[in-house]
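Here are a few notes to read alongside the structure.

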Amino acid sequence: MCSQNDFTTFFEPSFAVNHKVNDSYKLNFSTVTRNYVYRDDEFEFTTRQLQFVHFSTYSFNSNHSVSGGIMYRFRENFEDKSNELRLTQQYNYAYRPNIVRFGHRFRSEQRITTNNTIHRFRYRFTIDLPLSGEKLDIGEPYFVANAESLLSIVKTATPQIDQRFTSQIGWQWTESLKFQTGLEYRFENYNQTTQEILFVLTSVILNL
């Protein structure tokens, strides 16, 4: 069991823009900021990091796609931690046998900092469904939940295993604009000394 000092809460708002180039190729750009809300037995509101992300996705059909991504995380401006360059390779498979869509995502990442390079491998299972009727219409809510397992490997340390659980409610505000909010609970490094982290998430997603 972890002690109270091992528990941290973050508020993490994000803004994303998706652009569909054609039926097979789309672009995604997003910015995310992570802010402390609770740590070391105290409430506070301070920024931990700011990051900018780009993904390019090629879809083979409605079910299968591959993506490549690059992210730069600014952390030195806010804490005594190194900035990070992250490269991501991803395969996604999704299908909808009824009103519920199921998704499987496999990712590999190279997290490059001043001190080392961490190789991380991730698997995420997702479900999402409309909450009004059999399909999502403008002005209606939807539900998204996922569970993700992560393995991080670096030469200078023992491999780290993490587990994440996320649930969010979203609204299709307009044909091109969505809003999501929810919670994510993380168990980090649970194969050694578990740290529990709660994220309060908000996202605005614009499709062009």
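This is a predicted model: local features need pLDDT of at least 70, side-chain atom pairs count only at pLDDT 80 or more; totals for chains, interfaces and linings use all residues.

1. Residues are numbered from 1 along each chain as its sequence is written, and side-chain values use heavy atoms, with hydrogens and water left out.

2. Start with the largest nonpolar core, whose five residues are Phe10, Tyr36, Ile197, Phe199 and Leu201. (Such a core is a set of buried Ala, Val, Leu, Ile, Met, Phe, Trp, Tyr and Cys residues joined through side-chain atoms within 4.5 Å; buried means under 20% relative accessible area, exposed over 50%, partly exposed in between, with a 1.4 Å probe and protein chains only.) Strand 11 (residues 195-207) gives the largest share, three residues; strands are DSSP runs of E, at least two residues, numbered from the N terminus.

3. Next, look at Ser152 in strand 8 (residues 141-153). Ser152 is buried, at 9% relative accessible area.

4. The structure holds 19 salt bridges, each a side-chain nitrogen of Lys or Arg within 4 Å of a carboxyl oxygen of Asp or Glu. In one of them, the closest N and O atoms of Arg122 and Glu148 are 2.8 Å apart. Arg122 lies in strand 7 (residues 117-130) and Glu148 in strand 8, so this pair ties together parts that are 26 residues apart in sequence. Both Arg122 and Glu148 are buried.

5. Finally, compare Lys135 and Asp137, a salt bridge with closest N and O atoms 2.6 Å apart. Lys135 is exposed at 56% relative accessibility, while Asp137 is partly exposed at 30%.

Conventions:
Helices (H or I, at least four residues) and strands (E, at least two) are DSSP runs, numbered from the N terminus.
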